[in-house]
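Thanks for coming, everyone. Let me put the structure up, and then we'll walk through it.

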Amino acid sequence: MKNPILKWAQSQLGSASLESKSIRQLFKSFFGKFIQSIAMTRLPIGAKNRCRLERLRGVKIGKNVFLGGGNILDRVRPDLITIEEYVSLAGGVNILTHSNPTLPLREILGPESHIVKPVTIKRGAWIALNVVILPGVTIGENSIIATNSVVMNDIPAYTVAGGTPAKILKKIPRTEQ
């Protein structure tokens with residue numbers, strides 16, 4: 001790393017790896033984290049304002065989405081998150097689109113240990129309190145993820161899933177309208 005500002009930023013991260021490769025990316029990341037700190041607050045700023053702030057960071061969010069307080073939508077690659085319309089994310093939800101192990105583990109596990117994959121939450125899904133959604137996961141349309149679950153694999157449409165790791169608990173019957 002030749003740039004002294006990027007070198008300094010890397011030195012502040014401990015064993016984590018700096019994702020930004022340019023000053024522009026570094027400032028964009030800083031701006032995004034600043035916006036996210038406002039969006040994730042538990043202060044009563046309203047779900048619509050949370051959505052507006054997360055859209056500024058690059059998260060793709062449909063209409064009529066509820067974002068509760070304390071959610072963390074990936075701080076490094078928010079642009080890889082898609083939340084379709086009528087989705088509800090209760091408080092304390094963490095959505096990760098990247099995973100980057102420590103330097104010693106990267107040396108042992110190799111470059112494939114650095115994971116960057118999109119996350120999609122389909123129309124009408126309901127994500128309960130304190131759920132963690134890992135990189136590469138798609139939550140199906142009108143599905144429910146139970147409180148304190150860790151979602152490591154795709155969840156089909158019209159399904160209730162829960163646990164650590166999340167497993168399918170039951171199917172939701174589809175009604176004709």
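First, a definition: two strands pair if DSSP finds at least two bridges between them. Strands themselves are DSSP runs of E, at least two residues, and helices are runs of H or I, at least four residues, numbered from the N terminus. By that rule, S4 and S9 pair in the parallel sense, over three bridges.

Two housekeeping points. This is a predicted model: local features need pLDDT of at least 70, side-chain atom pairs count only at pLDDT 80 or more, and totals for chains, interfaces and linings use all residues. Residues are numbered from 1 along each chain as its sequence is written, and side-chain values use heavy atoms, with hydrogens and water left out.

Back to S4 and S9. The bridge partner of Ile81 in S9 is Val119. Both strands sit in an open sheet of four, in the order S1-S4-S9-S12, with parallel pairing. Strand S1 (60-61) and strand S12 (138-139) are at the edges with a single partner strand each, so one side of each has no neighbour in the sheet.

Now the other sheet. This open sheet also has four strands with parallel pairing, ordered S3-S6-S11-S14. Here the edges are strand S3 (72-73) and strand S14 (150-151); each has a single partner strand, so one side is left without a neighbour in the sheet. Strand S11, residues 132-133, pairs with S14 in the parallel sense over two bridges. Ile133 has Val151 of S14 as its bridge partner.

What about the inside? Buried means under 20% relative accessible area, exposed means over 50%, and partly exposed is in between (1.4 Å probe, protein chains only). A nonpolar core is a set of buried Ala, Val, Leu, Ile, Met, Phe, Trp, Tyr and Cys residues joined through side-chain atoms within 4.5 Å. The largest one has 25 residues, and Ile83, Leu89, Ile121, Ile133 and Ile139 have the most contacts inside it. Strand S4 (81-83) and S9 are the elements that give two or more residues to this core.

Take Ile133 again. Contact means heavy atoms within 4.5 Å. Leaving out residues up to four places away in sequence, Ile133 touches several residues, including Ile95, Val119, Ile121 and Val151.

For contrast, go to helix H4 (residues 103-109), which holds Ile108. Ile108 is exposed, with a relative accessible area of 67%.
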